[in-house]
Amino acid sequence: MAAERKQPRGRMALAGALRPGWIEALAAHGASPASAEIMVRDVDLAHMLRDAKARKLPVAWLRQLPAHLRQPSAVLLDRTHDEPALLLLFDAPEGAKLVLRLDYRLKKPRGALANVVGTGRVLDEEALRTLRNEIGASALILIDGRL
């Protein structure tokens, strides 16, 4: 009888790093991350690609995630929730948005903190317009780039 192989759960990989200027801007707004590392988990990638997800990012785009993380067109600090996050916006395809959860508390290793790419999608013009209108009027703060 062959031994059943268990699939690894919760794999995580280093995908990039926060720029020094972003870290300085975050500190100025009271959101200093514990690390500059940007991590991506397989469970979050699967969530982004699920069939029920409307306007999902193309697989080919996600395969180039480390390169994209180096070149967002805009970076916003999102303070609309209890935990701060970064919204990373990209010009292509159409307009892409990734949500980077800052200092996300991991279950394994227990209690470790990581900046994790949580979700992403393609933005339409209306969603981009809404983001532009919310900067300064809500808890969205432009820390780098342009919209």
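The protein chain exposes about 9000 Å², of which carbon and sulfur atoms supply 51% (Shrake-Rupley method, 1.4 Å probe; for residues, only the protein chains shown count as cover). This is a predicted model, in which local features need pLDDT of at least 70, side-chain atom pairs count only at pLDDT 80 or more, and totals for chains, interfaces and linings use all residues. Residues are numbered from 1 along each chain as its sequence is written, and side-chain values use heavy atoms, with hydrogens and water left out.

**Confidence**
- The chain has a mean pLDDT (the predictor's confidence in each residue, from 0 to 100) of 87, and 92% of its residues reach 70 or more.
- Over residues 1-8, pLDDT stays under 50.

**Architecture**
- Five helices and seven strands make up the secondary structure elements of the protein chain (DSSP runs: helices H or I, at least four residues; strands E, at least two; numbered from the N terminus).
- The C-alpha atoms of the protein chain fill a box of roughly 65 × 30 × 25 Å along the principal axes.
- Of the 147 residues, 37% count as buried (under 20% relative accessible area, with a 1.4 Å probe and protein chains only).

**Asp-44**
- Asp-44 lies in helix H2, which spans residues 42-49, and is buried at a relative accessible area of 6%.
- Beyond its neighbours within four places in sequence, Asp-44 is in contact (heavy atoms within 4.5 Å) with Arg-101, Val-116, Val-117 and Gly-118.

Methods:
Buried means under 20% relative accessible area, exposed over 50%, partly exposed in between (1.4 Å probe, protein chains only).
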